[in-house]
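Welcome to this short tour. Open your viewer, get ready to select residues by number, and follow along one stop at a time.

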Amino acid sequence: MTEFVRNISPPPGAVATVSDASPIHYMVKIELFSLLAKSAVETFESGIFEAGGYKWKLVLYPNGNKSRNVKDYISLYLAMVDTSSLPPGWEVNVIFRLFLLDQITDSYLVIQAGKERSFHGLKLECGFDQFIQLSAFNDARHGFLLGDTCVLGAEVYVSGERSRGEGEVLSMAKEPPTHKYTWKIVNFSKLDENPEESPIFSTGDHQWKILLYPKGIGVGKGTHLSLYLVLDLETLPAGCRVYADLTLRIVDQLYNRAYDDIGRAKRWFNATSSEIGWPKFISLGSLQSTNYLVVNDICIIEAEVILLGIRSPL
């Protein structure tokens, strides 16, 4: 990250850091940004993405949020969408980080509020009136706006939920049940396009399995290996949701686990959203070019599931 970026002051009440890692949950590239800034439309809304079992979008004010008398800054907010199915009096507490790519060094300016933020029916949007000063954003030395293009991102972590009305009970585990499962796949090179399922394993009172697409699925089809964790709905009581911290990894078998390929996430599982994963977990080219992820035609996949909480009807 350039020294210019390191010296940028964070918004009031926020913390600014620098990261080489891409945002986990969402990225959006905005091209022809100058046209957006000059248009009569004051806001830009990103596509919808899912994190923590809820749906979100980014709301950008390229010339500052005039309704809050913001000048000389870009305003950027996280907004919750599709809340019609939530119970009366719902409230969701989150910790979120918003990203801005320095395209010169391929690293990110990360802005995070100093404390968790609460979303509820009367407050569907939280963020930063003064996300970044326009003069800094437009300065080519920072790398934020190059070729009239910028890249934003977001990570959203649900830290708690509650309903001020009746209808649901949220139980958070003080000592969360944890289980690590290892799946050894032999004759890996002979796998075709069909999905492969691991044997069932348990965490707490719930059962899970790993779902592998050797040749990819969705946006990763034909180019990537896709990997998912799936909750067995037969072990999920009617109307319940399970909040889990999960890690999926392809094990480095030669170099003492130094080069494990890893995916991590936290989210809610329920009857309509029973799996989570990565359609582009690792490219097929990368998998074939390494000598440590597939050894003697054996691939080892690990899943670690930490059961953080259960939300159930009264």
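## Stop one: the enclosed space

Begin by selecting strand 10 (125-133) and strand 11 (150-163), each of which supplies at least two residues of the lining of the largest cavity. Strands here (E, at least two residues) and helices (H or I, at least four residues) are DSSP runs, numbered from the N terminus. What you are looking at is a predicted model, in which local features need pLDDT of at least 70, side-chain atom pairs count only at pLDDT 80 or more, and totals for chains, interfaces and linings use all residues. Residues are numbered from 1 along each chain as its sequence is written, and side-chain values use heavy atoms, with hydrogens and water left out.

Rolling a probe the size of a water molecule over the atoms shows where empty space is left. On a 1 Å grid over the protein atoms alone, a cavity is a set of points where a 1.4 Å probe fits but cannot get out; a pocket is an open set with protein on both sides within 12 Å along at least five of seven lines; and lining residues have an atom within 4 Å of a point. Grid points are joined across faces, edges and corners, and a volume is the space filled by probe spheres set on the points.

Now select F33, L60, I74, L100, F131, I132, F137, C150 and L152, the residues that line the largest cavity. That cavity holds about 40 Å³ of space, and a search of the whole structure finds one cavity of 30 Å³ or more. Which classes of residue make up the lining of the largest cavity? Nine are nonpolar, with no polar and no charged residues. For these classes, Ala, Val, Leu, Ile, Met, Phe, Trp, Tyr, Cys and Pro count as nonpolar, Asp, Glu, Lys and Arg as charged, and the others, Gly among them, as polar.

## Stop two: the open pockets

Next, select I24, H25, Y26, E50 and W278, which lie nearest the centre of the largest pocket among its 22 lining residues. The volume of the largest pocket is about 620 Å³. Strand 19 gives the most, with six residues. The lining of the largest pocket has eleven nonpolar, six polar and five charged residues.

For the second largest pocket, pick G53, S85, R241, N270 and T272, which lie nearest its centre out of 24 lining residues. Strand 5 (54-61) and strand 6 (73-81) are the elements that give two or more residues to the lining of the second largest pocket. The volume of the second largest pocket is about 490 Å³, and its lining has eleven nonpolar, seven polar and six charged residues.

## Stop three: two loops

Most residues other than glycine have a negative phi. Select D148, in the loop between helix 3 (134-138) and strand 11, where phi is positive at about 60° although D148 is not a glycine. Then move to R257, in the loop between strand 18 (241-250) and strand 19. Phi of R257 is also positive, near 70°. R257 has a relative accessible area of 34%, so it counts as partly exposed (buried means under 20%, exposed over 50%, partly exposed in between, with a 1.4 Å probe and protein chains only).

## Stop four: single residues

Select S107 in strand 8 (residues 107-113). S107 counts as buried because its relative accessibility is 0%. Show T105 as well: the side chains of S107 and T105 make a polar contact (2.7 Å), meaning a pair of N or O atoms within 3.5 Å; within protein, one must be able to donate a hydrogen and the other to accept it, and residues adjacent in sequence count only if both atoms are side-chain atoms.

Now for two cysteines. C240 is buried at 8% relative accessibility, and C299 is buried at 0%. How many disulfides does the structure hold? The structure holds zero disulfides, a disulfide being a pair of cysteine sulfur atoms within 2.5 Å.

## Last stop: the record

Finally, select residues 23-156 and 178-305, where UniProt places the feature "domain: MATH" (unreviewed entry). UniProt positions are given in the numbering used here, feature names are shortened, and annotations may be inferred rather than shown by experiment. Over residues 178-305 the chain is 5% helix and 53% strand, with the end C-alpha atoms 6 Å apart.
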